[in-house]
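Keep the structure open while reading.

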Amino acid sequence: MSPEIRPPAAMPAEDSCSMGGLFETDVLDILMDRSRRLRLIPGDSLFSQGDPADRFFLIRDGKVRLYTLESGGGEVTLHVFGPGDFFGLPAMLGLRHYPVNGDAVTAAVVDVITRSTLFARLEEDGGRLAPLLVSLGRRHRTMTRALAELKGISAFRRVCLWLWRELEKAMPEAGQHPPGTPAAIRLQVPHYVIAGAVGLTPENFSRALRRLEKLGIHLHRGHLTITDTTALKHLAETEAPS
Amino acid sequence: MGINLDLLSEQAILGAALTRLSPLGTAQMADEDTVLYREGEPLDTLYLVQDGSVMTEVALIAGCPGTATPVDIAGRGAVLGLSDLGDGLHGETARTLSPCRLIRLSPAQVNTLAGSSAETALLLVGLLSVGLRHRIRAISDQRSLSARGRLMAFLLSLMPGRRGGAVTVRLPVSKTTLAAHLGITPQSLSRSLRSLRDDGVTVRGPLVTVADPGGLRLAMEAERDVA
């Protein structure tokens, strides 16, 4: 049976690449009228490590990644944000400079809110910032889980878990599939972004993909093809012998 | 009201939390190894840590305490449960690592105060930002440092600001828990501890002596470069 290919879910509210995936319209309403909108192309830089941290950003569309540069020239992707995420606030509140770099991964539309705007809003009415607190709290929980998974789950299983979550997003019924059910979905993220999301170097991520191919799970040019979805579910839920 | 940026540094935020929030709650003493709340329980109390340290952990499989993984050790000035205000359920389990002096705060009262006072709202945003920065740092260390490097970073976190002169500290957790906190096996922890002897780190039971914290910091940064 050849599987029907499902497109990626439109504008997911919870993006597994992002830290929060939160589209808090209340926060938008509070800040939008005084924000500045930027349109970015892939690779555009929003800020570099060491730049003064005087603003934070809200993504309306597209993806932005935060990463650090190692002294050997390598990059460590820390997070990829999607629509509805805001980032840069923790650095703006308490650090003088951004500790990381921020670049557009895809074409993106980003609103910029300066420190002076935020503080002016706070001085007018601090209570309206309650949704911001909720959003930050949820992001904190998402990152806490990501950290726990990084510590307690093998790299290979993290890849399986990430793919399984994408599959469940595109096919919510995947958890009920009988053994032997094939599936195919399209993913909108490049491999290096997935590698960053699961904490792997691109080389180790490629190694994991080669291992998955032997198990009937293929990811090629954004197309994820699975010969048996229950096998992927099993790999995501249990540690496989290395 | 003027907002002073200099007051937004981490130490200032934690200090402000102690000053502003302590009078709002009731004091509680907790013995070592007391579970303050469990993951999934309703949020009915926030805990401000006045003294002592508290470990937070997350179960990798929901409802399976055996899969709990340590994520953080919170100390003076931290407000535990603050990230759960929106969802109303605890997203992690909190367990004291030492006898603790805590202030119990009502989530409703904190919410009300945030709604009526810009300074309090900013303080709470600042507290959550401190927590987020810690998470970003921990995730970055987990990815870019070797097991040995993460152990160095952990030991240095026990002696903040120390540069010169030998320092002896007591490990706040058992070596098994420390290994889980670092994301390594107990065997790998033992190997890493042995390998740090050349860097002036000696271990006697739960006591760890670092001969030169400044030198250890340089060695840790070198680990980051080669990881």
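Rings of Phe, Tyr and Trp (its six-membered ring) form a pair if their centres lie within 6.5 Å; planes under 30 degrees apart count as stacked. By this rule, six aromatic pairs are found over all chains. The model is a predicted one.

**Aromatic pairs in chain A**

- The ring centres of A:Phe47 and A:Tyr98 are 4.0 Å apart and the planes meet at 15°, so this pair is stacked.
- A:Phe47 belongs to strand E3 (residues 45-47), while A:Tyr98 sits in the loop between helix H2 (89-92) and strand E8 (101-104), so the pair ties together parts of chain A that are 51 residues apart in sequence.
- A:Phe47 has 3% relative accessibility and counts as buried.
- A:Tyr98 is buried as well, at 4% relative accessibility.
- A:Phe57 and A:Phe87 make another stacked pair, with 5.3 Å from centre to centre and 20° between the planes.
- This pair links distant parts of the chain: A:Phe57 lies in strand E4 (residues 55-61) of chain A and A:Phe87 in strand E7 (residues 86-87) of chain A, 30 residues apart.
- A:Phe57 is buried, at a relative accessible area of 2%, and A:Phe87 is buried at 1%.
- One aromatic cluster takes in A:Phe47, A:Phe57, A:Phe81, A:Phe87 and A:Tyr98.

**Charges over rings**

- A:Arg65 lies over the face of A:Tyr67, 4.0 Å from the ring centre.
- A:Arg211 places its charged end over the ring of A:Phe156, 3.8 Å from the centre.

**Chain A as a whole**

- Chain A has eight helices and twelve strands.
- Of its 242 residues, 52% are buried.
- Among contacts in chain A with a separation of 6 or more, 76% join residues 24 or more positions apart.
- Chain A exposes about 10,500 Å², with 53% of this supplied by carbon and sulfur atoms.

**Salt bridges within chains**

- Over all chains, the structure holds 16 salt bridges.
- One of them joins A:Arg165 and A:Glu149, at 2.7 Å from N to O.
- That pair links distant parts of the chain, with A:Arg165 in helix H5 (residues 155-170) of chain A and A:Glu149 in helix H4 (residues 130-152) of chain A, 16 residues apart.
- A:Arg165 is partly exposed at 35% relative accessible area, whereas A:Glu149 is buried at 10%.
- A:Lys169 bridges to A:Glu166, with the closest N and O atoms 2.9 Å apart.
- A:Lys169 and A:Glu166 are three residues apart in helix H5 of chain A, so about one helical turn separates them.
- A:Lys169 is partly exposed at 29% relative accessible area, but A:Glu166 counts as buried at 14% relative accessibility.
- In chain B, B:Asp141 and B:Arg137 meet in a salt bridge of 3.5 Å, N to O.
- Both lie in helix H3 (residues 118-144) of chain B, four residues or about one turn apart.
- B:Asp141 is buried at 11% relative accessible area, and B:Arg137 is partly exposed at 47% relative accessibility.

**Between chain A and chain B**

- Salt bridges with shared partners join A:Arg138, A:Arg141, B:Asp84 and B:Asp87 into one network.
- In the bridge from A:Arg141 to B:Asp87, the closest N and O atoms are 3.4 Å apart.
- The count of salt bridges between the two chains is four.
- Contacts involve 48 residues of chain B and 44 residues of chain A.
- About 4,100 Å² is buried between the chains, and carbon and sulfur atoms give 67% of it.

Terms used:
Residues numbered from 1 in each chain as written. Chains lettered and ligands numbered in written order. Predicted model: local features only at pLDDT ≥ 70, side-chain atom pairs only at ≥ 80, totals over all residues. Heavy atoms only, no water. Phe/Tyr/Trp six-rings, centres within 6.5 Å; stacked < 30°, edge-to-face > 60°. Helix = DSSP H or I, 4+ residues; strand = E, 2+ residues; numbered from the N terminus. Buried < 20%, exposed > 50% of the residue type's maximum accessible area, 1.4 Å probe, protein only. Lys NZ or Arg CZ within 6 Å of the ring centre and 35° of its normal. Contact = heavy atoms within 4.5 Å. Areas by Shrake-Rupley, 256 points an atom, 1.4 Å probe, with all protein chains shown as cover. Buried area = accessible area lost by both parts, 1.4 Å probe. Salt bridge = Lys/Arg side-chain N within 4 Å of Asp/Glu carboxyl O.
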